[in-house]
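Please consider the structure shown below.

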Amino acid sequence: MQHARIEREIRIDAAPDVVYKVISAPEHLREWWPDEAELTPAAGATGVITFGAKGAPDAKAVPLTVLEADPPRRFSFRWAYGEGESAAPSNSFLVTFDLIPSGAGTLLRFCETGFTEKFSDRDEREQQYGDHVTGWDHFLPRLVAYAARLVRTA
């Protein structure tokens, strides 16, 4: 179905254990994705990521629930559900990062789903899908660059 999932496959010049930290630890997430991250990378943990300066009127705080934390193979979470709600397939997006060793680096398989479950209105679904494609096309290359920078400075 159109606008149902976003998938990317990216080669990263860093070992899976390094990439896992980059996609799961708040201090690393802040370097490539949100401006602020407050979460524990453990299954069942809840947290918040913030885009924009925390406390600023235009800052956007987004809830997140970790579903799987299997270092260094998989990290998945549900995000963007309403404040006071629990993450569920009908009210959130599911993001999964699968890490596959590839030579001295990692093949990262990224997938985001939940568009058809969260939005019954086709126009709203298409808008959200397009916004997320644009967002991930911006942020995933930053993940690659940040992981490479970590390896070079280690």
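Which element gives the most to the lining of the largest pocket? In this predicted model, that element is H4, which contributes seven residues. The pocket itself holds about 390 Å³ of space, and 18 residues line it. Nearest its centre lie Phe51, Lys60, Trp79, Gln128 and His132. Two elements, strand E4 (60–70) and H4, each give two or more residues to the lining. Sorted by class, the lining of the largest pocket comprises eleven nonpolar, three polar and four charged residues.

Helix H4, which spans residues 122–153, also packs against helix H1, formed by residues 16–24. Two packed helices are described by the angle between their axes and the distance between the axes. For H1 and H4, the angle is about 130° and the axes are 10 Å apart. Angles over 145 degrees would count as roughly antiparallel and those from 65 to 115 as roughly perpendicular; H1 and H4 are therefore oblique to each other. The crossing of H1 past H4 is right-handed.

Which residues of H1 meet H4? They are Val18, Val22 and Ile23, and their partners in H4 are Leu143, Tyr146, Ala147, Leu150 and Val151. By class, the residues of this contact of H1 with H4 are eight nonpolar, with no polar and no charged residue among them.

Two backbone details in loops remain. Most residues other than glycine have a negative phi, and most peptide bonds are trans. The peptide bond from Pro71 to Pro72, however, is cis, with omega near -10°. Pro72 is placed in the loop between E4 and strand E5 (74–79). Ala80 has a phi near 70°, a positive value in a residue other than glycine. The loop that holds Ala80 runs between E5 and strand E6 (93–102).

Methods
Residues numbered from 1 in each chain as written. Predicted model: local features only at pLDDT ≥ 70, side-chain atom pairs only at ≥ 80, totals over all residues. Heavy atoms only, no water. Axes fitted to C-alpha atoms, helices over the stretch in contact; angles between N-to-C directions. Helix = DSSP H or I, 4+ residues; strand = E, 2+ residues; numbered from the N terminus. Parallel < 35°, antiparallel > 145°, perpendicular 65-115°, else oblique. Left-handed = near helix turned anticlockwise from the far one by under 90°. Contact = heavy atoms within 4.5 Å. Nonpolar A, V, L, I, M, F, W, Y, C, P; charged D, E, K, R; others polar. 1 Å grid on protein atoms, 1.4 Å probe; cavity = no way out; pocket = protein on both sides within 12 Å on 5 of 7 lines; lining within 4 Å. Points joined across faces, edges and corners; volume = space filled by probe spheres on them.
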